[in-house]
Amino acid sequence: MGALFLALPVAGLIMRCDWRIAGAILGGTSVRSALRLSLLVSSLSVILSFLFGFPLAWYLARVRFRGKRLLRILVTLPMVFPPVVAGVALLAALGPRGIIGSSLGAAGIRFPFTTAGAVIAATFVSAPFLILSIESGLRSADVRLEQAAATLGANRWTVLRRIVLPAIRSSLLNGIALTWARALGEFGATITFAGNLEGRTRTLPLAVFQALQTDYTGAVVISVLLLAVALLLLALLGGRFFAS
Amino acid sequence: MRVLSLRRRTAVGAFLLPLLLLFGGCGNGPSGDEHAGGKRKGEVLVFAAASLTDLFTAAAAAFERENGDLRIVCNFAGSPSLATQIAEGAPADLFAPASPRFVEAAAAAGAVVRSSRFARSRLVLITPSGGKGVVKTFRDVARPGVRLVLAGPGVPAGEYARESLRRAGLLGGAGKNIVSDEPDVRSVLGKILSGAGDAGIVYATDVAGVAARDVRVTEIPDRYNVDAVYELALLRSGRNREGAERFFAFLLSGGADGLIDSLHFERF
């Protein structure tokens, strides 16, 4: 029963997809622009999540400090945020009238209606997946190996590259796959915070939403494309999800 | 609760319909009141343009006060989204888009029993209140760097706004300033209320209930302005023809004139 319930919508999508016109729709400039933008935005989100998330995950996994539980709740929070609420929250913080957005605006930095805004929205909702994955990887990695390497004269960078990253490889790849898929599917925060304009903020999910208003068949085709891209990412990066 | 919170999610509107039927209701009456004198209340499902949110919410409440046996359930969204949902088999009783062309298309598909134009609305320019906005007059929307928010090109409010800009000879400059194609006109208002955009074009009726301290309203000169025409259609797909006929008649009757007036609509 459970499997049927989960499989039915996917089956519906595939069966309602009109393959004869799929080529024409997917080749159209608006879909190609949305695909390009989606890949750009989600890749940048993953990179940003890693750059800012790795030190945070390290801190959570290896350093003892007061308020750790609070910090972990803070990191987990965006995962349970309804995406629209995330968008409103980003506006309240970084919008032109937001708590730091007004100063940013004075400095000429504005996020709403820009691709950078879409990246921020996607990063906000997806980074926790990567941070928590890396943290769990670091917790199960053997600290003694790192200590041994350091004793043998390896500098911190070498330890990170030769010991730590290989040790957490599996959780890192899982985390990247989940983060990427979440960033790729981001809709609510993006349309709320960054708006909906072709080539700038209209990623694939927004293109589906746009098509749905005028062209249901087109919306189904773009949905199948989005699903395929997400599956491909999971298969490439998180192949072990499918291993029993 | 209110149906309003669902507006952003028009994409999944068709799937939300069951929820809408459970929790919806345009009026302010207790929605749990399913039974009147032991008899189940009839429901009329109305698909209305986002710009009709205030009018239909008030009209449904007034209608329900006089017709205790009926409950009006409204689904508000951009007209093209509503048209798609109806074409995909949503069991709507009444359809009220912001342009007659959607009624014409539905009629061509054999979905309409009959229809009648019932109201009109005009466009206004809105800008964030307070602050030092760069947009003071209609012509300012074409100034370089203005972040202009419009409804998308397929949405009536977006088409009317572009037509109005074209009449004023501003479409070239203003076209480059468009930063977002919103799914319905109320989302344009939202982007200005939050201060995200510098200027937007909506119907005068959308800001009738908004305080002056939240948004600044600037008239668009008559010679450039465009009338939105609202047409109400009785649909074959409905499940409650008799109830739908009664709400249809109410909206066209003198009983609704006061509401239409007070929300700055005009009778067609």
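## Where the chains meet

Start with both chains on screen: across the interface of chain A and chain B, the rule finds two salt bridges. Keep in mind that this is a predicted model.

Select Arg16(A) and Glu88(B) for one of them: their side chains meet in a salt bridge, at 3.3 Å from N to O. Arg16(A) sits in helix α1 (residues 2-16) of chain A, while Glu88(B) is in the loop between α3 (79-87) and β5 (94-96) of chain B, so the pair joins two chains. If you want the whole set, the count by this rule comes to 30 salt bridges over all chains.

Which three residues supply more than any others of the area that chain A buries against chain B? Pick Arg97(A), Phe113(A) and Gln213(A): together they supply 32% of it.

## A helix pair in chain A

Show side chains next: Leu56(A), Tyr59(A) and Leu60(A) from α3(A) meet Lys68(A), Leu71(A), Arg72(A) and Val75(A) from α4(A). Sorted by class, this contact has five nonpolar residues, two charged ones and no polar ones.

## The sheet in chain B

Look for five strands forming an open sheet with mixed pairing, in the order β9-β8-β10-β7-β11. Which strands stand at the edges? Those are β9 (178-182) and β11 (215-219) of chain B, each with a single partner strand, so one side of each has no neighbour in the sheet. Turn the view and follow the twist, which averages 30° from one strand to the next.

Strand β8 (residues 148-151) of chain B runs parallel to β9(B), and four bridges join them. To find a specific partner, select Val149(B): its bridge partner in β9(B) is Ser180(B).

Last stop: helix α7 (residues 185-193) of chain B. Helix α7 lies across β7 (123-128), β8, β9, β10 (199-203) and β11 of chain B, running at about 140° to β10(B).

Definitions and conventions:
Residues are numbered from 1 along each chain as its sequence is written. Chains are lettered from A and ligands numbered from 1 in the order in which they are written. This is a predicted model: local features need pLDDT of at least 70, side-chain atom pairs count only at pLDDT 80 or more; totals for chains, interfaces and linings use all residues. Side-chain values use heavy atoms; hydrogens and water are left out. Contact means heavy atoms within 4.5 Å. Ala, Val, Leu, Ile, Met, Phe, Trp, Tyr, Cys and Pro count as nonpolar, Asp, Glu, Lys and Arg as charged, and the others, Gly among them, as polar. Two strands pair if DSSP finds at least two bridges between them. Axes are lines fitted to C-alpha atoms, for helices over the stretch in contact, and angles run from 0 to 180 degrees between N-to-C directions. Buried area is the accessible area (1.4 Å probe) that two parts lose on being put together, summed over both. A salt bridge is a side-chain nitrogen of Lys or Arg within 4 Å of a carboxyl oxygen of Asp or Glu.
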